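Visitor: Hi, could you walk me through this structure? I'd like to ask questions as we go.
Guide: Happy to, ask away.

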Amino acid sequence: MRGPKLNEGATAIGERHGTKATAKYVRSSAYKARVVLDLIRGLPVHQADEVLQFTDRAIAHDIRKVLASAVANATDTDSGAYIADADELFVLACFADEGPTLRRFRPRARGRATRIRKRTCHITIVVARMSEDRLEVVQARAEGRSSSQSANRRARVERSRQRAEQAKAGVDQIDADEAETDAIEDENADDIATDEVEGFAGVEETEVETVEVDADEVDAADDADEAPAASGDFEAAEWAGSIKPDADGNGPDTHPIKGNADSMLYHTPDSRYYKVTKAEVWFDTEENAEAAGFSKPGSKKDED
């Protein structure tokens, strides 16, 4: 047993140490109940109720009901057991006594039986009015907590209002700036349109001179642009009647035959592979190509 059983000390008539409530034959062991009762001993009843509400023990639910019953007994004005209001009460004592044990048996191996003990307990909670000094401390703390909470709430509301006013002022300023910018742009557009109208009104009509170009000169210029480069613009190769291609691999019209130095073949414009062959040298005639050692594809002569 833990905690004093103060109610047993009231032996004189009219002497009371508090108001109690008891729950008997609770289906739990006294050991489990005492663990929870140790948490609320000496606390104000509202704080003890909060502790029991969030205690993760099954027996806490039964203990909370016993506490509510004790508070109801102490605040009952009809029965004459009134002590004080619920805000002025605290847990004076709380304890758990062992109740009768229910014995059950379970069959085991080899014809034996094992005893099962289903324990019970009696839970008692005694509440009393707090002393004047302690009551003043508790009330001061409650008032300070409520006043601080109210002050914090007022401060939060004031900050929210200030932020809302600042945001609204910023939006109004942006709208005013945009309106002023639009007005300035409209004025500039009107000034530009007026200047253009005045400029067009002051322009005098002028005669447009038409430059006639000789058709023959234009045709000659076009022919010069389209004409291929002369053979004098190409570098001569090492064989007679041959020249080297330009940077683009092209040759003059006077040398239409392509020669490939790797395969030692030449291709005429009517050849099948003429377009796909890359010319490394250009010949003017087939005779010069053959004289240089090039041969036409498919026309090699058998050597005797």
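Visitor: Let's start with salt bridges. Which residue does glutamate 132 pair with?
Guide: Glutamate 132 forms a salt bridge with arginine 129, and their closest N and O atoms are 3.0 Å apart. Keep in mind that this is a predicted model.

Visitor: Is glutamate 132 buried, exposed or partly exposed?
Guide: Glutamate 132 counts as partly exposed, because its relative accessibility is 46% and that class covers the range between 20% and 50%.

Visitor: And which salt bridge does arginine 129 form with glutamate 88 in terms of distance, what's the gap?
Guide: The closest N and O atoms of arginine 129 and glutamate 88 are 3.0 Å apart. That pair links distant parts of the chain: arginine 129 is in strand β5, while glutamate 88 is in the loop between α3 and β2, 41 residues apart.

Visitor: How do those two compare with the solvent, buried or exposed?
Guide: Arginine 129 is partly exposed at 33% relative accessibility, whereas glutamate 88 is buried, with a relative accessible area of 18%. Put together, Glu88, Arg129 and Glu132 are linked in a network of salt bridges.

Visitor: How many salt bridges are there in the chain?
Guide: The count comes to four. One of them joins arginine 64 and aspartate 49, with the closest N and O atoms 2.9 Å apart. This pair also links distant parts of the chain, with arginine 64 in helix α3 and aspartate 49 in helix α2, 15 residues apart.

Visitor: Switching to the surface: which residues form the positive patch?
Guide: The positive surface patch is formed by Arg27, Arg104, Arg106, Arg108, Arg110, Arg112 and Lys118.

Visitor: Where does arginine 110 lie?
Guide: Arginine 110 is in the loop between β3 (102-107) and β4 (113-118). Arginine 110 is exposed, with a relative accessible area of 79%.

Visitor: Which residues gather in the negative patch?
Guide: Asp172, Asp175, Asp177, Glu178, Glu180, Asp182, Glu185, Asp186, Glu187, Asp190 and Asp191. Of these, aspartate 190 lies in helix α4, which covers residues 132-201.

Visitor: Now the inside. Which residues of α1 are buried?
Guide: Ala30, Ala33, Arg34, Val36, Leu37 and Ile40 are buried in α1. The buried residues of this helix pack against α2 (45-53), α3 (59-74), β2 (89-98) and β5 (121-129).

Visitor: What comes just after α1?
Guide: Glycine 42 is found there, with a positive phi of about 90 degrees.

Visitor: Last one, the overall picture. How many helices and strands are there?
Guide: The chain has six helices and nine strands. Of its 304 residues, 24% are buried. Among contacts with a separation of 6 or more, 62% are between residues 24 or more positions apart. The accessible surface comes to about 22000 Å², and 48% of that belongs to carbon and sulfur atoms.

Key: Residues are numbered from 1 along each chain as its sequence is written. This is a predicted model: local features need pLDDT of at least 70, side-chain atom pairs count only at pLDDT 80 or more; totals for chains, interfaces and linings use all residues. Side-chain values use heavy atoms; hydrogens and water are left out. Patches are made of residues with over 30% relative accessible area and no salt bridge: like charges are joined within 9 Å, nonpolar side chains (Val, Leu, Ile, Met, Phe, Trp, Tyr) within 5 Å. Accessible areas come from the Shrake-Rupley method with a 1.4 Å probe; for residues, only the protein chains shown count as cover. A salt bridge is a side-chain nitrogen of Lys or Arg within 4 Å of a carboxyl oxygen of Asp or Glu. Lys and Arg count as positive and Asp and Glu as negative; His and the chain ends are not counted. The place of a charge is taken as NZ of Lys, CZ of Arg, CG of Asp or CD of Glu. Helices (H or I, at least four residues) and strands (E, at least two) are DSSP runs, numbered from the N terminus. Buried means under 20% relative accessible area, exposed over 50%, partly exposed in between (1.4 Å probe, protein chains only). Contact means heavy atoms within 4.5 Å.
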